[in-house]
Amino acid sequence: MDKIIIEGGNTRLQGEVTIEGAKNAVLPLLAATILPVEGKTVLKNVPILSDVFTMNHVVRGLNIAVDFDEALNQVTVDATGAILDTAPYEYVSQMRASIVVLGPILARNGHAKVSMPGGCTIGSRPIDLHLKGLEAMGASIHQEGGDISATAEKLKGAHFYMDFPSVGATQNLMMAATLAEGTTVLENVAREPEIVDLANLLNKMGARVSGAGTETLTIRGVAELHGAEHNVVQDRIEAGTFMVAAAMTSGNVLIKDAVWEHNRPLISKLREMGVDVREEEAGIRVKSDISKLKPVTVKTLPHPGFPTDMQAQFTALMAVVKGESTMIETVFENRFQHLEEMRRMGLHSEILRDTAMIHGGQRLQGAQVMSTDLRASAALILTGLVAQGQTKVGQLSHLDRGYYQFHEKLAQLGADIRRESED
Ligand code: EPU
């Protein structure tokens, strides 16, 4: 089992870091490559992550040719010809995000069978909105033996209001609606940059999607889609993670190609704390002096609110800023497990339902800790940079799902960090 080992306490991150294409954009983009009956789809700026390999396997399992040229960060998919309608359990069960293949397979084949996503540590994560939306478009849904089966000879345009702006449900329904008969209007949809990226690819394929990035999506169904070429949007969460890392370590880091607009809520909270965040031509520069930062209150919300995917990393920053900070997590019901691990490093915090009070500025000490999910793994590594002595972070399979060469990038910025295999 691999571990990341950090000698912490004296790190000041300095220099430049490059970020990858967004994991949470590329997974639905790969699902969209199922839709075209003709032509190849080429995705560029694809990050080399275990979740991407898993999604490639899911698509391949439908009898679709998928080629990942890692040297070019490019995936080429050819979905011409007959495709299967059952997504392979072996891979679907490894990754919740694979539920977004349900809409595209159903739209293309008239029938789709996908395993129910399994348990998840950060919350219960139901998929009721995905299924209700497909039903509104005329699909009949059956759940049996752990599988969801959806059938609709031809999906029909519909008006559907989402009780909550779910990212995955918005993506699933948007893709399904591209090939439906008539117009679909989806209200109270997710507005994340990854939604806009998906709409852009679909429109390049010949779909007619408008309103992406707003609360209402209108999709005019078309008879068929064709292959297209697309650059995956930059990973705002990876960028945000390095912004927080720079802030925590009194660093001075340029995060190259980071998109200011996508990180607005994070930037505004960093600035409220007293971190110097500036837009430069090459990206976003973060400079900080930890002794001058003030505690803040943060509440996670769907975009354009503060992203839940930055919550764990931000609590690591709160831990080193002197005073009482408050983090309110409204998107997932069980996403504070990293705080329990950080307690092993000397963090003082109290959790009451969706609210964590962080008593920052106490002395943190290196310890052995376990990642409990993807963003928790990053948060623990960042805490290791500032804790005195050695920190060992285990369960790195979580980290590998969403961060490419994380420790190498931190080492390039001056961190004393390495990865070792330990039995
Ligand atoms: N929800 C429902 N019913 C549904 C769908 C969602 O109640 O049918 C609830 C969930 O239980 C949750 C909330 O809505 O409480 C948000 O879920 P959402 O569907 O928006 O999330 P997701 O699509 O499953 C994506 C990201 C997550 C990110 C969330 C929120 C991908 C592959 N995953 O998940 O990313 O946290 O949106 O922004 O895009 C991560 O990268 O670490 C990660 C977990």
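**Exercise 1.** Find how many residues line the second largest pocket, and which lie nearest its centre.

*Solution.* The lining has 16 residues, and G9, I290, V320, V386 and Q388 are the ones nearest the centre of this pocket. A pocket is an open set of points on a 1 Å grid over the protein atoms alone, where a 1.4 Å probe fits, with protein on both sides within 12 Å along at least five of seven lines; lining residues have an atom within 4 Å of a point. Next, sort the lining by type: six residues are nonpolar, eight polar and two charged. Here Ala, Val, Leu, Ile, Met, Phe, Trp, Tyr, Cys and Pro count as nonpolar, Asp, Glu, Lys and Arg as charged, and the others, Gly among them, as polar.

The model is predicted, so local features need pLDDT of at least 70 and side-chain atom pairs pLDDT 80 or more, while totals for chains, interfaces and linings use all residues. Residues are numbered from 1 along each chain as its sequence is written, and side-chain values use heavy atoms, without hydrogens and water.

**Exercise 2.** Describe the residues that surround the ligand.

*Solution.* Start with the count: 21 residues surround the ligand (a heavy atom within 4 Å). D128, S166, D309, V331 and R375 are the closest. By type, the shell holds ten nonpolar, five polar and six charged residues. Then locate them: α1 (23–32), α5 (128–136), α6 (167–178) and α12 (374–386) each give the shell at least two residues. The largest share, three residues, belongs to α5.

**Exercise 3.** List polar contacts (N or O atoms within 3.5 Å) between the protein and oxygen atoms of the ligand.

*Solution.* Take the side chain first: a polar side-chain atom of D309 is 2.6 Å from a ligand oxygen atom. Now take the backbone: an N or O atom of V167 is 2.8 Å from an oxygen atom of the ligand, and for P126 the distance from a backbone N or O atom to a ligand oxygen is 3.4 Å.

Methods. A polar contact is a pair of N or O atoms within 3.5 Å; within protein, one must be able to donate a hydrogen and the other to accept it, and residues adjacent in sequence count only if both atoms are side-chain atoms. Helices (H or I, at least four residues) and strands (E, at least two) are DSSP runs, numbered from the N terminus.
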